[in-house]
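This report looks at the pockets of one protein model and at the ligand placed in it. Please keep the sequence and the structure in view while reading.

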Amino acid sequence: MTDVLEAPAHANFVGGKWHPSRSGRTYEKRGPWRPSEVIGEFPASDAADVDAAVEAAAAAFPAWSRLSGAARGEVLRRAADALDRRVEQVAQDMTLEMGKPIREARMEAARMAQILRFFAGEGLRDTGERYEQAATGSVVYTMRRPLGVVGLITPWNFPAAIPAWKAAPALVYGNTVVMKLAQEAPLTGLHLAACFEEGGVPPGVFNVVVGRGSAVGTPLVEHPLVKAISFTGSVAVGVQVRGEATALGKRVQLELGGHNPLIVMADADLDRAAEAAYAGAFWSAGQKCTATRRILVEEPVYDGFRSLLVARMERGVVGDPADPQTEVGPIVNEAQLEEVLAGIEKGRADGGTLLAGGERIDDEAYLLAPALFEGLSDDAFLSCQEVFGPVTSLYRFTSLDEALRRANAVEYGLSASIFTSSLASARQFAQEIEAGIIRINGQTAGADVHVPFGGVKSSGFGPHEQGRAAREFYTEVVTVYEDV
Ligand code: UN1
């Protein structure tokens with residue numbers, strides 16, 4: 001593999017061309033490790049850019065949707081080949097722009113091509129079901145058709161994987177796309193656009209617009225030619241997007257926050273559980289909607305588990321995200337850092353004991369020592385509200401029934417884990433935990449490309465993403481009665 005040591009254009013990709021914003025406005029993007037340095041200037045787009053992108057996508061739809069799924073899949077496969085060539089550059093740009101440690105950024109960058117290849121294969125699958133008409137025995141069949149122009153609103157915390165896992169199914173099922181990239185992480189998504197361009201995507205089929213939520217997201221949601229919106233981000237914004245989109249009769253899919261529990265039973269492998277708690281709570285500095293926010297430990301092993309986790313935190317490597325040894329890097333920006341520090345203050349004010357971390361440890365970088373609380377009540381702020389950073393809390397319990405009841409007592413339901421050697425406990429957990437992604441003896445974060453991903457309760461809305469589930473959102477089923 002040859003590394004492409006070249007940044008993508010700092011521009012919108014609209015109608016097959018790279019454009020500055022129509023207004024000519026830009027913003028300065030800085031990274032969280034050395035925020036005094038400007039990484040680059042990117043378009044500060046607005047409704048005019050959205051209009052141009054949606055019009056390009058609408059014009060490209062008829063020809064793209066008439067191609068075979070196989071032909072569309074070929075474009076994805078060629079884009080995946082292009083991504084393979086620049087995977088290291090994507091990882092480095094991700095680390096630079098949003099601070100994900102390079103070891104994780106490399107894994108995520110590699111996932112993009114994998115996602116595109118999985119969905120390239122989907123282009124060859126069944127497109128409906130065949131029946132007989134009841135009265136005559138003639139054929140009646142269902143057919144999945146694309147929706148038209150879809151609007152994809154992507155977050156900064158998985159700036160490679162999420163744009164890929166929204167765009168790939170949207171495109172292979174025959175839709176055309178306008179994607180909004182997060183202000184905090186434009187580079188990674190622009191690489192994806194560059195790779196689609198290299199892969200030969202026809203002009204207008206895939207468009208990317210960079211800018212603020214209010215300036216780009218709102219006009220995208222409201223545009224009359226946009227048929228569906230897929231959004232990943234916070235509950236507050238997601239609920240607003242759903243309100244606006246559904247009022248306009250659009251299809252909407254939301255992937256929102258989580259408050260994910262990890263339950264450690266007395267019969268668990270405690271070393272593995274402590275490792276999973278560390279990774280789940282602190283990798284990516286806890287900036288995952290699947291991060292472990294609560295760790296519930298069965299009474300007999302509570303003290304032992306706490307010692308193991310505190311020791312693991314002492315050994316943890318926190319620092320420069322560009323160093324391959326680093327496990328925990330900085331928080332994405334100053335506002336998020338302030339929010340996380342405020343959450344930690346609330347934890348203290350609610351009577352929690354900070355067992356480790358919780359303070360800023362670099363004058364310039366937005367770097368926080370991972371924080372572990374205990375002694376918080378179940379209704380304390382940190383026990384129920386999502387704080388998007390490296391903060392987690394320990395709780396004691398005495399029976400699995402109690403742990404499940406308490407684990408379920410939040411508005412969220414994204415991911416959840418149990419560590420146990422009992423099949424009965426694992427089965428009960430899988431039956432009763434209120435979460436969309438359930439893990440037995442594994443950490444709460446992570447997502448395979450070929451299986452559904454999504455939450456229940458306030459964590460999600462609409463069909464799940466990824467795997468074959470993705471076609472439920474990106475296609476509509478029609479029924480054709482065929483008489484000769
Ligand atoms: C993962 O855990 O690998 O924004 C994926 C998020 C989720 C994706 C998590 N939508 O954190």
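## Terms and model

Helices, as named here, are DSSP runs of H or I with at least four residues, and they are numbered from the N terminus. The model is a predicted one, and the descriptions below should be read with that in mind.

## The second largest pocket

With helices named in this way, helix H4 (102–122) and helix H5 (161–172) can each be said to supply at least two residues of the lining of the second largest pocket. H4 makes the greatest contribution to this lining, namely four residues. In total 20 residues line the second largest pocket, and those nearest its centre are Arg111, Phe158, Lys288, Gly446 and Ala447.

The space in the second largest pocket comes to about 310 Å³, and its lining is made up of nine nonpolar, four polar and seven charged residues. Because domain 1 (12–256 + 459–481) and domain 2 (260–448) both contribute residues to the lining, the second largest pocket lies between them.

## The largest pocket

The largest pocket has a volume of about 1,100 Å³. Its lining consists of 36 residues, of which Trp156, Gly233, Ser234, Val237 and Gln336 are the closest to the centre. When these lining residues are sorted by class, 14 are nonpolar, 15 are polar and seven are charged.

Several elements take part in this lining: helix H7 (213–222), strand E10 (226–232), helix H8 (235–247) and helix H11 (334–349) each provide at least two residues, and the largest share, six residues, is that of H8. The largest pocket, too, lies between domain 1 (12–256 + 459–481) and domain 2 (260–448), because both domains give residues to its lining.

## The ligand and its surroundings

Around the ligand there are 13 residues, and the ones that come nearest are Asn157, Phe158, Cys289, Thr290 and Gly446. Phe158 and Gly446 are also among the residues that lie nearest the centre of the second largest pocket.

In the case of arginine 111, a side-chain N or O atom is 3.3 Å from an oxygen atom of the ligand. Of the 320 Å² that the ligand exposes when taken alone, the protein buries 98%.

Key: Residues numbered from 1 in each chain as written. Predicted model: local features only at pLDDT ≥ 70, side-chain atom pairs only at ≥ 80, totals over all residues. Heavy atoms only, no water. 1 Å grid on protein atoms, 1.4 Å probe; cavity = no way out; pocket = protein on both sides within 12 Å on 5 of 7 lines; lining within 4 Å. Points joined across faces, edges and corners; volume = space filled by probe spheres on them. Nonpolar A, V, L, I, M, F, W, Y, C, P; charged D, E, K, R; others polar. Domains from an automatic or database assignment. Near = heavy atom within 4 Å. Polar contact = N/O pair within 3.5 Å; in protein donor to acceptor, adjacent residues only side chain to side chain. Areas by Shrake-Rupley, 256 points an atom, 1.4 Å probe, with all protein chains shown as cover.
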